[in-house]
Amino acid sequence: MFAPEAVNPAVDVLAGLAGDGRALELGIGTGRIALPLAARSVPVSGIDLSSAMAAQLRAKPGGDAIEVTIGDFATTRVTGTFSVAYLVYNAIGNLTSQDAQVACFRNAAAHLEPGGCFVIEVGVPDLRKLPPGQTVVPFDLSATHWGFDLYDVSTQSMSSYHARVADGRGEFRAIPFRYVWPAELDLMAQLAGLRLRSRWESWTGEPFTHESGQHVSVWEKPS
């Protein structure tokens with residue numbers, strides 16, 4: 001995810017949407033996308049729940065020029081309006097209820113200037129790998145790491161479980177998500193007063209099809 005071939009296409013798209021305006025990253029983290037975007041002369045602000053991650057961003061070259069507000073990106077407001085707001089790398093799923101995801105769209109829309117865009121990069125729910133009666137899908141099995149996704153299709157909730165063994169020591173963690181369908185995101189956008197402008201399989205613009213495992217979607221605030 002930190003490789004140039006992953007970062008540069010995203011920055012290209014976001015810089016193009018920002019134009020001469022400002023960009024707002026929801027869930028800015030340690031600045032994987034925000035820092036190279038700011039290096040393209042786009043003023044970037046961010047929201048993140050983790051003050052520790054924000055501190056890592058500020059410690060990086062150029063990080064002190066990015067304003068970070070600590071809070072829940074579904075509801076936290078920052079000053080001013082933006083040409084583009086964005087959520088990358090499945091971050092919308094970190095909001096584990098539909099209400100919170102709807103609130104996120106409304107929050108993003110409230111930050112956008114007329115004609116501005118809200119962009120989300122997120123995976124398509126991989127339920128075709130889930131046989132009837134089974135709730136667990138492995139996504140990584142190696143000598144040192146075991147990864148499984150646990151699904152509850154009645155609530156669209158899932159958790160990713162990670163077990164690692166290295167140097168004779170074990171580590172386990174579980175991360176909760178709420179998966180969300182493209183059409184459901186479009187309805188959330190409509191509720192927030194946004195309309196779909198583009199949807200691709202990736203940042204490089206490949207067409208989104210029924211076989212796509214992820215999508216990059218752009219919704220626009222009417223002028």
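The model is predicted, with local features requiring pLDDT of at least 70 and side-chain atom pairs counted only at pLDDT 80 or more, while totals for chains, interfaces and linings use all residues. Residues are numbered from 1 along each chain as its sequence is written, and side-chain values use heavy atoms, leaving out hydrogens and water.

The chain holds 5 helices and 11 strands, taken as DSSP runs (H or I of at least four residues for helices, E of at least two for strands) numbered from the N terminus. Its C-alpha atoms fill a box of roughly 50 × 40 × 30 Å along the principal axes. Buried residues (under 20% relative accessible area, 1.4 Å probe, protein chains only) make up 45% of the chain.

Turning to the interior, a nonpolar core is a set of buried Ala, Val, Leu, Ile, Met, Phe, Trp, Tyr and Cys residues joined through side-chain atoms within 4.5 Å. The largest has 28 residues, and those touching the most other members are Leu26, Leu87, Ile92, Cys104, Phe105, Phe118 and Leu194. Two or more residues each come from strand 1 (23–26), strand 4 (82–87), helix 4 (98–111), strand 5 (112–123) and helix 5 (182–191), with helix 4 giving the largest share, 5 residues. Apart from this core lies another, of 27 residues, including Val7, Leu37, Ile66 and Val216.

Note on methods: Buried < 20%, exposed > 50% of the residue type's maximum accessible area, 1.4 Å probe, protein only.
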